[in-house]
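Me: Could you take a close look at the aromatic rings in this structure for me? After that, I would be glad to hear about the pocket too.

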Amino acid sequence: MVQQPNEDLFEPSKMTFGEHLEELRVCLVRALIGLAIGFLIGLLFAGAVVRKIEVPLKSALDKFYFEKAVSELKSEYGKDVPADLQSFMQADQMVYEEVYWETIEIERILDSLNSTNLEIDESVEQITGKVVVGAGPGPPTSVFVKTRIWKPLDARITSLSAHEPFMIWLKAALITGAVISSPWVFWHVWSFVAAGLYPHEKNHVYFVVPFSLGLFLAGAAMAFFFVFEPVLEFLFGFNKLMKIDPDPRISEWMSFVLFLPLGFGISFQLPLVMLVLDRIGVMSVKTYLEKWRIAVLVIFVVAMLLTPADPISMLLMAGPLTCLYFGGIALCHWLPKRKNPFGEGYDPA
């Protein structure tokens, strides 16, 4: 009969409650010092981070104002906008403002051009769209000509208070510092937690943590590179429908940028959650396969809660999550189960 071993795996690391608190305090202090150093480094890159975060919004704004300019030209020319004008706008991404010039000013410009021996194809009398200001008998007070001033697309993101850009700069520095110092912080937190784990539990963590980090980064990257653009186009479509020009604030956009990738990163942990539930016996592969319709319904509800109030972002989250659900089933099925290290070695009888 094999007897239960008397060896205590935690004998070398035994501590009193006070010693545990002191060890926790040391780990947290070191982690906070690393975070503070990361924050100071993040201050150097905060401006570049904010500019990078602005890229999807500026791109969507540029597209909105370009399509608005093309739409206004179509209403003026009819369906056939001159091909050279279209190519000029598309090649240089140009939009325009409508202004009115006095004919006296135009005559002065034409006289100046004539003095340089340049040929002028049209005279002032041939320009259409004149607006006469003044009323009553006699000559008009002034005659104005409607024209366009062309300018390159340069969408701006606004702030409504003097301190708002400063707070955004600090927030970007804090986020950058947290990312830079995260390995140092996680290492010290792990050093405290690992002291109380069995060897086989540590092996589980060595697999789970990189897998969880990879899923989180994949979800956040998908939100930033593939979700922002269609979501913004969908939302700006209502601006176009109601003829309201968008004027987004940088603080609101920063909150949106942080919330959406965070929601995607957390939701992408689904296969890992399924694996844990399977390993502790709460769920099984058979149950996952039988309840897949209910699971898809729950996925769509969760996607609705973790995304803004638009169907595009909800569908862009629910679609990958549905694929990850079936990927989680495959993970539970193919990943070998670890044997209980205490299943052998002693006989309770």
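**Aromatic rings and the pocket**

Reply: Happy to. Phe224, Phe225, Phe228, Trp253 and Phe256 are linked into a cluster by ring pairs; here rings of Phe, Tyr and Trp (its six-membered ring) pair if their centres lie within 6.5 Å, with planes under 30 degrees apart counted as stacked, over 60 as edge-to-face and the rest as tilted. Please keep in mind that this is a predicted model, in which local features need pLDDT of at least 70 and side-chain atom pairs count only at pLDDT 80 or more, while totals for chains, interfaces and linings use all residues. Residues are numbered from 1 along each chain as its sequence is written, and side-chain values use heavy atoms, with hydrogens and water left out.

Across the whole structure, the search finds 13 aromatic pairs. One of them joins Phe64 and Tyr65 edge-to-face, at 5.2 Å centre to centre and 85 degrees between the planes. Phe64 counts as buried because its relative accessibility is 6%, whereas Tyr65 is partly exposed, with a relative accessible area of 24%; buried means under 20% relative accessible area, exposed over 50%, and partly exposed in between, for a 1.4 Å probe and protein chains only. The rings of Phe264 and Phe268 have centres 6.3 Å apart and planes at 40 degrees, so this pair is tilted. Both Phe264 and Phe268 are buried.

Now to the pocket. The largest pocket holds about 1200 Å³ of space. On a 1 Å grid over the protein atoms alone, a pocket is an open set of points where a 1.4 Å probe fits, with protein on both sides within 12 Å along at least five of seven lines, and lining residues have an atom within 4 Å of a point. Points are joined across faces, edges and corners, and the volume is the space filled by probe spheres set on them. There are 34 lining residues in the largest pocket, and those closest to its centre are Val179, Ser182, Leu213, Phe216 and Leu217. Helices H1 (17-77), H4 (164-194), H5 (199-241) and H6 (250-267) each give two or more residues to this lining, and H4 provides the largest share, 13 residues. Helices are DSSP runs (H or I, at least four residues), numbered from the N terminus. By class, the lining has 29 nonpolar, 4 polar and 1 charged residues, where Ala, Val, Leu, Ile, Met, Phe, Trp, Tyr, Cys and Pro count as nonpolar, Asp, Glu, Lys and Arg as charged, and the others, Gly among them, as polar.
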